[in-house]
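The following exercises are to be worked through with the sequence and the model in view. Each task is followed by a stepwise solution.

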Amino acid sequence: MSRARTATRPDEPLLSVRDLSVRFGLRGQESFAAVDEVSFDINPGQHLAIVGESGSGKSVTALAVMGLLPSRGVQVSGEVLYRGTDLLTCDRRAMSRLRGSEIAMVFQDPMTSLNPVVTIGRQVAEVVQRHLKVSRSEAFERGVDLLTRVGIPDAGRRMKEYPHQLSGGMRQRVLIAIGLACEPKLLIADEPTTALDVTIQAQVLEVLKELVADTDAALLMITHDLGVVAGLCDDVRVMYSGRIVESADRDRLFAEPRHPYTGGLLRSIPRLDSPRGQRLTPIPGSPTQTIPWEQGCAFAPRCAHRADQCTDSAPPLEQSEGRALRCFHPLTGAASQQEAP
Amino acid sequence: MLRFALRRLALLVPVLLGLSVLLFVWVRALPGEPARSLLGQRATPEGIARVNEVYGFNDPLLQQYGSYVWALLRGDFGSSIKTGQPVLESFIEKFPGTVELGVAALLFAVVLGIPLGYYAARHQGRLLDTTIVSGSLIGVVTPVFFLAILLKLVFANWLDLLPTSQRQDPRIDATHITNFYVLDGLLTREWDAALDALTHLVLPAVALGTIPLAIIVRITRAAVADVLNEDYVRTAESKGLSRMLVSRRHILRNAMLPVMTTIGLQAGLLFSGAVLTESVFAWNGIGRFLFDSIGQRDYPVLQGYILLIAIIYALINLTVDMAYGVVDPRVRVS
């Protein structure tokens, strides 16, 4: 597989998202910001996680990077620079050349993300055929090879089958095979294990991890599961209500969460070594109990550390010691240690 | 697949039996009687009695039905009271005319309807969509006979662009092998005959195809709009495939399933529409003959033609159901 690719300097980020905002709302109606001035970088080969509850804007961020948001009723602003090219302004043709070859995506729901009336083989081979300019039979061969690599037994026969003949775990493996078919530089995985059984989740994650390592791809992992983050990612961005509230490398985030929301997420993970009968500590309330960022901290209504200041003005994202935090009253020292598992 | 087809064909037997009872009762419930229309205004009571005697209309109804079914089972559909021609023979002679018209109408509806529905769905809420949708609404509500007369008036009488009636100019000396006039012209390389038959076909096909066109537009639009929201279309787009490939392989292939069913059901509508269209355009097919036969209370023709149409209609829908399995692997009968 030889393809001419522009070389990326190791110090230059592969993907640089600057002040990305996505607003939903039809013309004439008040719009709502699903993603609000989000910025982050991904370096070649880096594994970055965006963590948050449902509705925090993490999937919308991923779709905005891919340019897959619907055009009606959606306003996207900011910059998504892929090796210096702004994906938000580049034309359709250029975008479709990048999609699938340089930047690929693995979707959340394996039951609905494959076309029910097209064979697995064709769905895998079509992306190879499109970008690697190979013949139909070569693409098919490569498809068999890909399916074998994601751990699908008897791949030659599976290629001729339809999605409904495969289990959920197998279908998710097919989606991973499609995502990595052209050895992209960046793979975006949007909750790739959410729809699967726990045991299958572990297997699929293992496959994803191996293949991403094999191909040296950078990974943008969208998830609500900090267990997935622990096993797969180097860096974490925590999102709440459309904004990044905390940013740190994995080890420091797990050891010493600073934002009360991050602390809450960590405490709500079930643990094997906790005493029997001890209940989980969920974050009180739900993501719908929020206030607009313009008026204060969106997490304040659910926060145990809330002060008057939190509902008066919005906390800025402050950088220090290589991490960033959007909080007036962060967890400190002993409290933070206690929050950590 | 074969077992499926055989089972469906077996189910057809009780349906046809039931239909034969309904038809038998219905034609006899029509006011007037065949003898009177056969003998005309100056019919004498004696003459009527004699005709009734000859055709067995004096026998008890049950006995009449019994002998009718008995004849049917032997493949005998009876003969026309008016012309004396066996019903099956005249049906076979006139059926190609109706098929030619029906196929042309359906082609018009499908070839225009699917792209229009697709573009409407892709531009939902915009001017193009609104125009197509309201246009299709007008298409649905316009009665066939009204549209037929209107088309004839404008394009044949006023603008004099197309012929007003019949399947072919009688002055053309055309050879007929299959009774599909356009096909005959092509087969015999009589190009002028084929072209003439084609120009005769335009107006009736448009008149007959407009309602199916409007329905296909609306069903396609709804089906495509549904499929556009599916996750697998997003997956296809995330692969960077060409727009053409995404719409053909991933959108239309899925959206075609409900459209196919609709096209099958339209076949029934075509037969009923053909009765009106053929009458307006003096088109020599089964529809016009059926219409004439109602006026003449030609019981054997009415019973035989409608029964034959029902069989053909059922076969068309069986074909559509089997084609479903070809397109959608999930319903493929193992």
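**Exercise 1: a surface patch**

B:F146 lies in helix α7 of chain B, helices being DSSP runs of H or I with at least four residues, numbered from the N terminus. The model is predicted: local features need pLDDT of at least 70, side-chain atom pairs count only at pLDDT 80 or more, and totals for chains, interfaces and linings use all residues. Residues are numbered from 1 along each chain as its sequence is written, and side-chain values use heavy atoms, without hydrogens and water.

Task: Determine whether B:F146 is buried or exposed, or in between, and which residues make the nonpolar surface patch.

Solution: 
1. The relative accessible area of B:F146 is 44%. Buried means under 20% and exposed over 50%, with partly exposed in between (1.4 Å probe, protein chains only); B:F146 is therefore partly exposed.
2. The patch, of about 450 Å², consists of B:F145, B:F146, B:I149, B:L150 and B:L276.
3. Helix α7 (residues 144-158) of chain B supplies the largest share, 4 residues.

**Exercise 2: helix α1**

Solution: 
1. Helix α1 of chain B covers residues 2-29 and reaches 40 Å from its first C-alpha to its last.
2. Its buried residues include B:L12, B:L16 and B:L23.

**Exercise 3: the whole chain**

Task: State how many helices and strands chain B has.

Solution: 
1. Chain B has 13 helices and 0 strands.
2. Of its 334 residues, 45% count as buried.

Technical notes
Chains are lettered from A and ligands numbered from 1 in the order in which they are written. Patches are made of residues with over 30% relative accessible area and no salt bridge: like charges are joined within 9 Å, nonpolar side chains (Val, Leu, Ile, Met, Phe, Trp, Tyr) within 5 Å. Accessible areas come from the Shrake-Rupley method with a 1.4 Å probe; for residues, only the protein chains shown count as cover. A salt bridge is a side-chain nitrogen of Lys or Arg within 4 Å of a carboxyl oxygen of Asp or Glu. Helices (H or I, at least four residues) and strands (E, at least two) are DSSP runs, numbered from the N terminus. The expected span of a helix is 1.5 Å times one less than its number of residues.
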